[in-house]
Amino acid sequence: MSQRGRLDRRSFLTRAGLAAVAGAVSPTVAAGARVARAMQPSGGRYDFDTIYSRIGTDSSKWDAQIAKYGRAHVEVGMGTADQDFQIAPAITRALRVRVAHENYGYLTIPASYKESIVDWNRRRYGLEIAPESIMHSAGVHEGIISTLRAFCPPGSKVLLQTPAYDGFYTDIRVVGAAVEESPLRRAEDGRYHMDFEDLERRIDHDTHAVILCNPHNPTGNVWSRADLMTLGEICTRRRVVVLADEIHCDFVTRGNHYTPYATLDDEAIVRNSITYKSVSKSFNLSMMKCAYLFSTNPDHLVRIRGAGQHREEMNTLGIIAAEAASTACDDWLDQLVDYIDGTQTLVESFVRARIPGVRTLKPEGTYLAWLDVTEALERVGAAQTAAASGAETAETVFQRYLVDHANIHINAGSSYGLGGGGHMRMNIATSRQLVELALTNMAEALSAV
Ligand SMILES: Cc1ncc(COP(=O)(O)O)c(C=O)c1O
């Protein structure tokens with residue numbers, strides 16, 4: 001299938017430049033977001049189906065893979081966890097207003113931006129965050145790294161429930177701490193559960209933090225209030241601080257419910273935690289660098305600022321975009337969450353009916369599909385190839401197999417630590433046309449072996 005609207009780099013930049021001069025002039029930083037709010041869309045349908053090509057925009061999910069494997073082999077890029085959709089129009093409008101004012105000097109982060117974070121969490125999740133407990137951060141990673149630096153001396157252990165988002169391994173390595181893996185238990189039905197006994201057994205005098213991921217990347221689990229309470233009770237009793245990464249919280253499939261860690265009914269458990277969030281995952285603003293962290297425990301914040309050397313840095317356009325997203329785009333996000341839900345249903349039924357050697361369950365949250373490819377690995381002899389190479393895992397061999405034979409790029413489960421073996425992670429935040437194309441290609445490639 002050829003992609004409609006494909007961009008080359010030059011035309012992309014030209015069009016971006018034209019867009020920049022189209023807005024009205026306004027000298028203040030917050031003006032863009034205010035305009036977005038005033039121009040709230042009237043409830044029409046947004047189009048997530050039309051393919052919005054990102055090729056030629058230096059996208060890591062697309063362009064980096066094309067550079068590595070060639071255009072012919074990357075018909076669909078489904079690795080890096082971002083979206084391919086055109087962003088909510090109110091964000092673009094707000095940015096246009098701001099770029100019409102051609103100066104990007106130092107600024108004071110406007111109070112309206114922090115208010116937009118507080119309102120968003122209250123409106124969407126009934127979560128009350130005191131404005132003074134919020135610290136800005138250029139990304140969730142930056143916040144987690146500052147926290148680890150503050151709480152986890154080099155050589156100490158940080159708990160991860162695995163398989164776990166590969167970025168956490170990097171964060172822990174950056175501060176010189178060591179990863180302690182507590183594998184999730186996989187039940188007969190394929191669902192994952194926290195193994196509390198294992199988790200507690202791994203805590204010793206050198207363990208100071210656990211990184212909780214809810215919804216969970218890569219399995220898509222959304223943890224229940226009871227799970228969080230049990231985890232919280234253990235960690236509070238054993239003096240292990242909980243770093244709750246809730247960046248995927250806006251994507252929860254029908255029938256499931258996200259519980260913010262900070263809404264647990266135990267003050268001590270909540271005080272023993274720090275939460276990390278951003279609208280970047282929800283509205284595709286990753287490189288706008290607009291995240292935040294908060295805690296009801298002021299001592300934690302002091303420690304993150306001091307020992308963690310956290311700098312509350314953001315950038316002009318990130319502030320505008322994030323404020324517009326959290327004040328004027330609920331309708332866009334609600335429609336997108338519905339769209340993703342439908343795509344997740346499609347993936348589950350397509351895989352079950354048509355892809356030999358692969359199994360999956362509709363996840364409870366995230367826009368990621370977690371594929372059990374144990375049998376497919378055998379079909380293509382991935383373990384033998386990996387053993388012969390000495391440098392690969394069966395999953396990276398399979399990743400390459402799919403690039404070569406199905407023209408799709410998805411992530412190898414082995415990069416998510418213990419329990420990631422035998423799995424692949426597929427990002428489905430793209431037009432359903434492309435998801436169907438990828439699944440069809442995969443079915444054909446595996447039917448041939
Ligand atoms: C669980 C999780 N945390 C953090 C990040 C990265 O966040 P940021 O780009 O704000 O550093 C990701 C990105 O995929 C993620 O999946």
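## The ligand and its surroundings

A polar contact here is a pair of N or O atoms within 3.5 Å; within protein, one must be able to donate a hydrogen and the other to accept it, and residues adjacent in sequence count only if both atoms are side-chain atoms. This is a predicted model, where local features need pLDDT of at least 70, side-chain atom pairs count only at pLDDT 80 or more, and totals for chains, interfaces and linings use all residues. Residues are numbered from 1 along each chain as its sequence is written, and side-chain values use heavy atoms, with hydrogens and water left out.

With that in hand, look at the ligand. A backbone N or O atom of histidine 141 sits 3.0 Å from one of the ligand's oxygen atoms. Valine 140 has a polar backbone atom 2.8 Å from a ligand oxygen, and asparagine 217 brings a polar side-chain atom to 2.9 Å from an oxygen of the ligand. On its own the ligand has 400 Å² of accessible area, and the protein covers 90% of that (areas come from the Shrake-Rupley method with a 1.4 Å probe; for residues, only the protein chains shown count as cover).

Who else is around? The shell includes Ala81, Tyr165, Cys213, Asp245, His248 and Lys281 (a residue is near a molecule or strand if one of its heavy atoms lies within 4 Å of it). By type, the shell splits into 5 nonpolar, 4 polar and 2 charged residues. For that tally, Ala, Val, Leu, Ile, Met, Phe, Trp, Tyr, Cys and Pro count as nonpolar, Asp, Glu, Lys and Arg as charged, and the others, Gly among them, as polar.

## Rings that pair up

Search the whole structure and you get 12 aromatic pairs. Rings of Phe, Tyr and Trp (its six-membered ring) pair if their centres lie within 6.5 Å; planes under 30 degrees apart are stacked, over 60 edge-to-face, and the rest tilted. Tyrosine 165, from the ligand's shell, makes an edge-to-face pair with phenylalanine 168, at 5.1 Å centre to centre and 85° between the planes. Tyrosine 165 is partly exposed because its relative accessibility is 24%, while phenylalanine 168, at 1%, counts as buried (buried means under 20% relative accessible area, exposed over 50%, partly exposed in between, with a 1.4 Å probe and protein chains only).

Phenylalanine 251 and tyrosine 367 are also edge-to-face, with 5.1 Å between centres and 75° between planes. This pair links distant parts of the chain, its members being 116 residues apart. Phenylalanine 251 is in the loop between strand E8 (241-245) and helix H10 (267-271); helices (H or I, at least four residues) and strands (E, at least two) are DSSP runs, numbered from the N terminus. Both phenylalanine 251 and tyrosine 367 are buried.

## Two buried loop residues

Serine 156 is in the loop between helix H6 (140-151) and strand E3 (157-162), and it counts as buried because its relative accessibility is 2%. Its side chain reaches the backbone oxygen of proline 153 at 2.6 Å.

Threonine 259 lies in the loop between E8 and H10, and is buried with a relative accessible area of 3%. Leaving out residues up to four places away in sequence, threonine 259 touches Asn214, Trp223, Arg225, Leu228, Glu246 and Leu264 (contact means heavy atoms within 4.5 Å).

Most residues other than glycine have a negative phi, and most peptide bonds are trans. The bond from threonine 162 to proline 163 is cis, with omega near 5°.
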